[in-house]
Amino acid sequence: MSNEAYKGIFVFAQQVDGKLSNVALELIGKSKALAKDLNTEVTAVVLGNKISHLPEQLGRYGADRVVIAEDPILETYTTEPYAHVITEIVKKYQPEIVLYGATAIGRDLAPRISARVHTGLTADCTSLEIEEGTGNLLMTRPAFGGNIMATIACADFRPQMATVRPGVMQRLTPVDNAHPVVDTFSVPDLAEHVNVEVVEVIKKVSEKMDIQEANVLVSGGRGMGGPENFKLLEDLAEVLGGTVSSSRTAVDAGWVEKDRQVGQTGKTVRPNLYIACGISGAIQHLAGMEESDVIIAINKDPSAPIFEVADYGVVGDVMKILPLFTEQVRKAKEEKSNA
Ligand code: FAD
C-alpha cells in the first residue's frame, strides 16, 4: 500500500484506573500542531474497562476522534491483549503516525506493535516535526549518551511510530463542551491472548509531590555532599511550595529515590522555577530541565556549565547559601502576610 493511503495521527492514550496519563494529553497537544501541517485529524486510542468517561476528556484536550476498546481483560495493562488490540486498530484505521508515551507501558507496547505491522519505531523522542515537502515525521532523540541529537525519519514504511518522553510536549488548555467523534472498537475474543495473570497490583505510595507536577523544584547534586544535607533542599522547597529533585549522581549514590531524578534517563520537568544546587550541568541533566521557566544555579565553580542555562547564578557554597536563601524567603512571606 502506498504511503498516501495512510491518514491521520493516532495517540495511544494510556490510562490506569480510569485516569488518563499526563503524557497522553501532552501527545494530543503536540499532535494537533502536527495535524495542522498535514491537514489531518488527531485520534486518541484508549483501552480499558468501564472507561466511557474518557472520550469526552480526550476531546477536551484536543482529540478530534476517539477509538475506545473496552473489555474486562483490558482493565489492567498486560502486554499481549493490549498489543493485539492496538495492532488490530492500526490495521483497521491505517494511520500515518502513531505516538505513545515513553512510559513503562508505552515502551513495552510500541516495539511489539511496530514489529507486528512491519514498520519502524523511534524510541524516547524529545522533539517531533513534519518535514516540509515530504510530509515525513522527523523524530529527534538523544544519541550517544545524549552528546548528540539524532533526527530520524521513517520514509519507506507506514505508520511512522515514536515513543515520546513524558513532560517534553505541552498539553493544550482544555475546552468545554468537547464532542469528539467516538468509535467503539469491537474487541475480538482475547482469551487466547492472555498468557499472564495479574494476581495483585501493589501500588507504591509516595507522599512526595511528583516532580513533573511541581511548579517549584529545588534540585540537588553531588555538591550537596551527602543525603543528610538534602534537608536544606527540603526546607527551601517547603517555603516555596515545591518539592525536591536531583541529578543522577545523587540517585546513584543512594541519597534520593530514582523517581526524583531529572534528566535524560530520569524525568523531563518544566517547572516555573528550578533551583540547581551543587549540580554541574552535564548535558544529560540539562536535557531534562532546560525548558524550566526560570533557572537559578548555586555552584562554587564559576565555570560550571549550569550557569550557561541559568537565568540567575550564585557562585558560592550551597551549604552556606541555602539556609540564607530559605530564611529570606520565609521573611519575605511573613512580611507579605503581615502587610
Ligand atoms: P557533578 O558533575 O560531580 O557536579 C557537582 C557540582 O557541584 C560541581 O559543579 C561542583 O562545582 C559543585 N559543588 C561541589 N561542592 C559544592 C558546594 N559545597 N557548593 C556549591 N557547589 C558545589 N545525569 C543526570 O543528572 N540525569 C540524567 O538523567 C542522566 N542521564 C545520563 C545518561 C547517560 C547515558 C549518561 C552517560 C550520563 C547521564 N547522567 C545523567 C550523568 C551526567 O553525565 C553527570 O554525570 C551528572 O549529571 C552529574 O551530576 P552532578 O551535577 O550532581 O555531579
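1. Helices here are DSSP runs of H or I with at least four residues, strands are E runs of at least two, and both are numbered from the N terminus. A word on the basis: this is a predicted model, in which local features need pLDDT of at least 70 and side-chain atom pairs count only at pLDDT 80 or more, while totals for chains, interfaces and linings use all residues. Residues are numbered from 1 along each chain as its sequence is written, and side-chain values use heavy atoms, with hydrogens and water left out.

2. Some contact distances may be handy for you. A polar side-chain atom of Arg-222 sits 2.6 Å from a ligand oxygen. Backbone atoms take part too: an N or O atom of Arg-248 lies 2.9 Å from an oxygen of the ligand, and a polar backbone atom of Gly-278 is 3.1 Å from a ligand oxygen. The protein covers 77% of the 980 Å² of accessible area that the ligand has on its own (Shrake-Rupley method, 1.4 Å probe).

3. Now to the salt bridges, of which the structure holds 14 (a side-chain nitrogen of Lys or Arg within 4 Å of a carboxyl oxygen of Asp or Glu). In the pair Arg-116 and Glu-80, the closest N and O atoms are 2.7 Å apart. Arg-116 belongs to helix α4 and Glu-80 to helix α3 (residues 79-93), so this bridge ties together parts that are 36 residues apart in sequence. Glu-80 is buried at 18% relative accessible area, whereas Arg-116 is partly exposed at 36%. Buried means under 20%, exposed over 50%, and partly exposed in between, with a 1.4 Å probe and protein chains only.

4. Two further bridges stay within a helix. Glu-88 pairs with Lys-91 at 3.8 Å between the closest N and O atoms; the two are three residues apart in helix α3, so about one helical turn separates them. Asp-108 pairs with Arg-112 at 2.9 Å, and these residues are four apart in helix α4, again about one helical turn. Salt bridges with shared partners also join Glu-41, Arg-65 and Asp-183 into one network.

5. The backbone has a few spots worth a look. Most residues other than glycine have a negative phi, and most peptide bonds are trans. Arg-158 and Pro-159 are joined by a cis peptide bond with omega about -5°, and Pro-159 lies in the loop between β10 (148-153) and β11 (160-164). Asp-17 has a positive phi of about 55° and is found in the loop between β2 (15-16) and β3 (19-20). His-118 also has a positive phi, near 55°, in the loop between α4 (104-116) and β7 (121-125). Asp-17 is exposed at 60% relative accessibility, and His-118 is exposed at 56%.

Technical notes. A polar contact is a pair of N or O atoms within 3.5 Å; within protein, one must be able to donate a hydrogen and the other to accept it, and residues adjacent in sequence count only if both atoms are side-chain atoms.
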